[in-house]
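Please read the numbered points with the sequence and the model at hand.

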Amino acid sequence: MGPHPERLFPPEPGLRKVARELYEAVATLPLISPHGHVDANVLARDEQFPDPAALLVTPDHYVTRLLHAQGVRLEDLGVRDVGTGEPPAPEPRHIWRLLCRYWPTFRATSMRLWLEHELAALFGIEEPLSEQTADQTYDQIAEHLRRPEMRPRALFQRFGLEVLATTDSPLDDLPAHRALRRDPTWDGRVVPTFRPDQLIEAHGIARWNELLDRLATVSRIDTGSYRGYISALESRRETFMELGATATDHGHLSVEAEAMSESEVSRLYDRLRLGPRQRGDEDAFRSHMLMEMARMSADDGLVMQLHPGVWRNHDTAAFARFGPDIGADFPVATGFTAPLQRLLDRFGSHPGFRVVAFTVDETVYSRELAPMASYYPSLWLGAPWWFLDAPAAMGRFWSAITETAGFSKLAGFVDDTRAYCSIPARHDVARRTYCSFLARLVGEHRLDRSEATEVAADFAYHSPLAAFRLGIQS
Amino acid sequence: MGPHPERLFPPEPGLRKVARELYEAVATLPLISPHGHVDANVLARDEQFPDPAALLVTPDHYVTRLLHAQGVRLEDLGVRDVGTGEPPAPEPRHIWRLLCRYWPTFRATSMRLWLEHELAALFGIEEPLSEQTADQTYDQIAEHLRRPEMRPRALFQRFGLEVLATTDSPLDDLPAHRALRRDPTWDGRVVPTFRPDQLIEAHGIARWNELLDRLATVSRIDTGSYRGYISALESRRETFMELGATATDHGHLSVEAEAMSESEVSRLYDRLRLGPRQRGDEDAFRSHMLMEMARMSADDGLVMQLHPGVWRNHDTAAFARFGPDIGADFPVATGFTAPLQRLLDRFGSHPGFRVVAFTVDETVYSRELAPMASYYPSLWLGAPWWFLDAPAAMGRFWSAITETAGFSKLAGFVDDTRAYCSIPARHDVARRTYCSFLARLVGEHRLDRSEATEVAADFAYHSPLAAFRLGIQS
Amino acid sequence: MGPHPERLFPPEPGLRKVARELYEAVATLPLISPHGHVDANVLARDEQFPDPAALLVTPDHYVTRLLHAQGVRLEDLGVRDVGTGEPPAPEPRHIWRLLCRYWPTFRATSMRLWLEHELAALFGIEEPLSEQTADQTYDQIAEHLRRPEMRPRALFQRFGLEVLATTDSPLDDLPAHRALRRDPTWDGRVVPTFRPDQLIEAHGIARWNELLDRLATVSRIDTGSYRGYISALESRRETFMELGATATDHGHLSVEAEAMSESEVSRLYDRLRLGPRQRGDEDAFRSHMLMEMARMSADDGLVMQLHPGVWRNHDTAAFARFGPDIGADFPVATGFTAPLQRLLDRFGSHPGFRVVAFTVDETVYSRELAPMASYYPSLWLGAPWWFLDAPAAMGRFWSAITETAGFSKLAGFVDDTRAYCSIPARHDVARRTYCSFLARLVGEHRLDRSEATEVAADFAYHSPLAAFRLGIQS
């Protein structure tokens, strides 16, 4: 039993054979993870994972959101109340039982594919989860977690991870990354990613000033003026690069980017810090700063990742109680052609600049992203991601993108996960899926076998190294 | 001849076998029709259908629109001029001949699938329609219509209809529903649905006052104030529930919902009745009332159906002459994430509240509906509907929704028809189509056979009963 | 070697057999090219094509854009600098080498399908292009180009072109078209298309006056007043019709169409010519003129082609240097239901009027175009086009359109190319693709074989003749 060895391959025998052979050639290539949310402390500390729920349920909003949709309360899944007066957390075993009880609701989802892979590969669990076997599977996982080969660093080797990028605030001095670099017993490659969203979205004067004061502290540069603020950000980027970073990451509702003059933006910066603010100030500043971030990327070579179009913290009551990242962020219609016009006009053909665009609005694939990526040399396309990190969704992406843009501007797969143990499963689902896509192109005589083999290896391994400029180890 | 017994199944032999077996297990399950537009009088009166055109062409805008697109005038299809000076209606036989003449233009459409099913199953007509055989098929249908087994109540049994929901104005005192309930010779389940659109869209002071006066009359509650208006609506909901209603239905251009304070909305209500109105008053009122409808649903448990995004009566000349529902309603781009934020923030996790969202804009499937339905317990997803009630469109829906949200939040199939005899055909097309979809998941080892069988039966039967709270007969 | 004879057919053996048989019945039907951008001078002059790069690379932005996306500079591909001080053009052989070098980046694209077809059919090149063989293939093509059978008129016969429509400004007096008509040695059918965009988009007073003065000159009608301007346009349409035109073509960002009163628009016209202009004047004029163009089409019978939703000249630096049509036009979200409401309300059922709508925003297929085309007799649907002229994209179009609207309102394939030699390849890819689509409908028992054969021939040949009113030769 367990996950079928030919899962996700086309059911038609001829195509299946091609897909399987393509897959066999890429299945064991090292994993490149250029965009994710694992905490570097997991590897720096290398501690045993506490329990099955804390490993596989509570911190993974891909999983908790599906349970919440069934009426399960987030607190009953161990999600921590960020306010005061936190009630006692539920027993991990009870959390696990909830997952088992609602297991049928995961049918057809990516989450099921990933969890089944993890359960089988890491814990030897090959039967479907169920209420009847909940305690037994809980104990089996808990037993495995006590083994040394289940420690994070051991898993790093076992997973075949060649690079793991984390996502980090410029305010973070990256002690875990520093510790890993210093540690003579560790030679894995873990790199930070510069994500300055909170230093660009000027929400609230008090909070904004507090953040900019912290930026001054960590950078040792006075942020009292716009010039100082820019220098501080540039300095933080340098620090990140010294610790191996090759990319930045930007998740705003819109990617509208329009530069202001130095004097205008200086006055705006002062207003944002001191008040009184004017209507639209925050948007104008973000728009200016996205252009400025592109300018910095053109200068220092950090690859700029853009992923607009998500309404964050839609469930405000849950946000007040549990904070962000609980699965209540939802996409909205978005665009790239119009809002990015000025940015691409200025940097789209700049040899030092590279931007990787992600979307959770599929309508832009054939309409905006493929046409623009097949014209502007600086624009690469991120993999279908988040809600679209799923077999049929990936097929739609490849189908919509490649007829216009080919394969050469695809940045490869990103797992985008905070669930460390799901990384190999996520890469495996992707590899199976695009090998199936390529098998059909072979079956239609649009690619020959050797071309398909090359494309599969590129997407799995060479493209993300190239796209994220990870080829040369710092 | 006639419709092929394996129509709509995948052509690949392995998948076809699985699809056929899944279909065989659900083909004869009772029909649940929780959302439709059949007139309850059809069953209350149980009269013989007058003629083939009046049964299959004239009242079905799914059919007349396709003929109109070929240049056939609506009046030549028997569509009644709502003004004065109505010209004599065409001979039913001439209408039928037009359908036969243009039969090739129905190729690949759902309408052809439905009509072929009806013609074969009810009238023994297994050859394609054609001008040559038009009179012969007309006579053959006319002959069948005279038989007692072709009366509406007999067909209700033969169709295996377990529940049939109609769609009704709060101004309707539901005499047909009352008559059916009183009739000792009738034990079918026909329930009304509360559709208050016209009482929420305040178009024109005179018309608005007339409607609210009628609301006062039917509810016996003074609607002179906002409070009275709300009480009258609540009272009508109660009456509908006494007659078996479990749902409301709301079709506005936007689902923007934002509550005003009691005092604000009272003043607005007075302005709408007495004037002078201000710009935006009608939109603000509708937006407030959608939130209020959600509040009532949370209180009384009626399931709220939302289907925004349709520009009604696009062809204003035809509207002036023939009225609404002639096939000239067309979708526009729409959204759910932003406009429903306040409503879901307030009621999305409320245990009493349930909303079923329908769309004719496919872009929201993976972008908005699946992400939100897999977080908010109150949100269920309606089947692809209207223009999207078709095999490939259903496949796109299932594919885009289920990888993110699984199957558990799908409200099952709705036929949404005013063509009574098309109900079994529509359910049959849907059952064949999702069994084919499930067969592919089985073929890709994403579901095992027993799971697929369960999902198929859920979607056909158990899910609509559960989603529309039809499980307990009132 | 060379392109596989069964390329683009379904890999499943049963479907492939049906697709191949359908294809064989349409493969050699004459080519109808009702919408394209070949220069009529190519045929009027009938000169030898200068070299492989000038034939297959430099003038074809479908090709140059993909090379530009790899960082190749447009000037290195021979794209002419429109300013002064033009640097010496690169050697054609060097341009060809660049195409060969980047050939792998064309994988999975339409451009590869077309080029492979051309290379094999016209030049006997059946191996993939590569840097190693670049000089050899260059020489082989160059040698063929010197042969008389490679002259444009000889190819017109060989391609089986029955009609070729060009795209022309009303300011063009069409000397090439006149010359072809006069030429006793030529009997091919080459017709102009009336594309008045630049005379409707009133950009800049000086440029606008210059264009309208040129309109006066070519039409010999004073354009000093709105009335004269309208008469001049009507007169130009007549001239185009005398030279065989059956259609107009309109590519604006929006298809919003709303008429003003005669007096309003006269004042607006004067403001646009003399100034000072008011904010929104240009948009209001275009909107009025689109309605006026529909009015003229209803009067004179020219088929109106609409293709909105493209942001032109996105890369302004490249536009300043190289002009338009370099591949830097990108789609944006667009709509038809709302902006076309007034136009279709007035002319949608007018017997003399016909409009063919094209889109590069796939979201409107099932949401707006199919619903409206299956109601309004005047509305036909253009083929998936430009970025969407590709096998999978065509499949999405057919799938999304035909379940709602059938096949009868499809205007057939258009090649939309300025690359003369790509015409047969583009039609061939389309024919293979829709035969594969139809084969699946046959496999699902939604069409029988004879119906599929009829639909295939319609789409290839009869539908474009009918849709573009090309049936009767002028």
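1. The contact between chain A and chain B takes 40 residues from chain A and 38 residues from chain B, two residues being in contact if their C-beta atoms, placed from the backbone, lie within 7 Å. On the side of chain A that touches chain B, at least two residues each come from helix H4 (61–68), helix H14 (316–322), strand E7 (330–331) and helix H17 (391–405) of chain A. Helices (H or I, at least four residues) and strands (E, at least two) are DSSP runs, numbered from the N terminus. By class, that side of chain A has 21 nonpolar, 11 polar and eight charged residues. Here Ala, Val, Leu, Ile, Met, Phe, Trp, Tyr, Cys and Pro count as nonpolar, Asp, Glu, Lys and Arg as charged, and the others, Gly among them, as polar.

2. The model is a predicted one, in which local features need pLDDT of at least 70 and side-chain atom pairs count only at pLDDT 80 or more, while totals for chains, interfaces and linings use all residues. Residues are numbered from 1 along each chain as its sequence is written, and chains are lettered from A and ligands numbered from 1 in the order in which they are written.

3. Between chain B and chain C, 40 residues of chain B are in contact with 38 residues of chain C. Helix H4 (61–69), helix H14 (316–322), strand E7 (330–331) and helix H17 (391–405) of chain B each supply at least two residues to the side that touches chain C. H4(B) gives the most to this side, with four residues.

4. How are the copies related? Superposition is by least squares on the C-alpha atoms of residues with pLDDT of at least 70 in both copies. Chain B is likewise superposed on chain C by a rotation of 120 degrees with 0.0 Å of shift along its axis (RMSD 0.0 Å). Only 5% of the interface residues of chain A are also interface residues in chain B, so the copies meet through different surfaces.

5. Helix H10 of chain B (residues 205–219) has 15 residues, which at 1.5 Å a residue should span 21 Å; its end C-alpha atoms are 21 Å apart, in agreement. The expected span is 1.5 Å times one less than the number of residues. Its buried residues are Leu211(B), Leu212(B), Leu215(B) and Ser219(B). They cover an arc of only 95 degrees around the axis, which puts them on the same side of H10(B); the arc is that of the directions from the helix axis to the C-beta atoms. A residue is buried if 20 or more other C-beta atoms lie within 10 Å of its own, exposed if 12 or fewer, and partly exposed in between. The buried residues of H10(B) pack against helix H11 (226–242) and helix H12 (262–274) of chain B, whereas the face turned away from the buried side carries the exposed residues Ala206(B) and Glu210(B).

6. In helix H7 of chain A (residues 134–145), Thr137(A), Tyr138(A) and Ile141(A) are buried. These residues fall within an arc of 105 degrees seen down the axis, so they line one face of H7(A).
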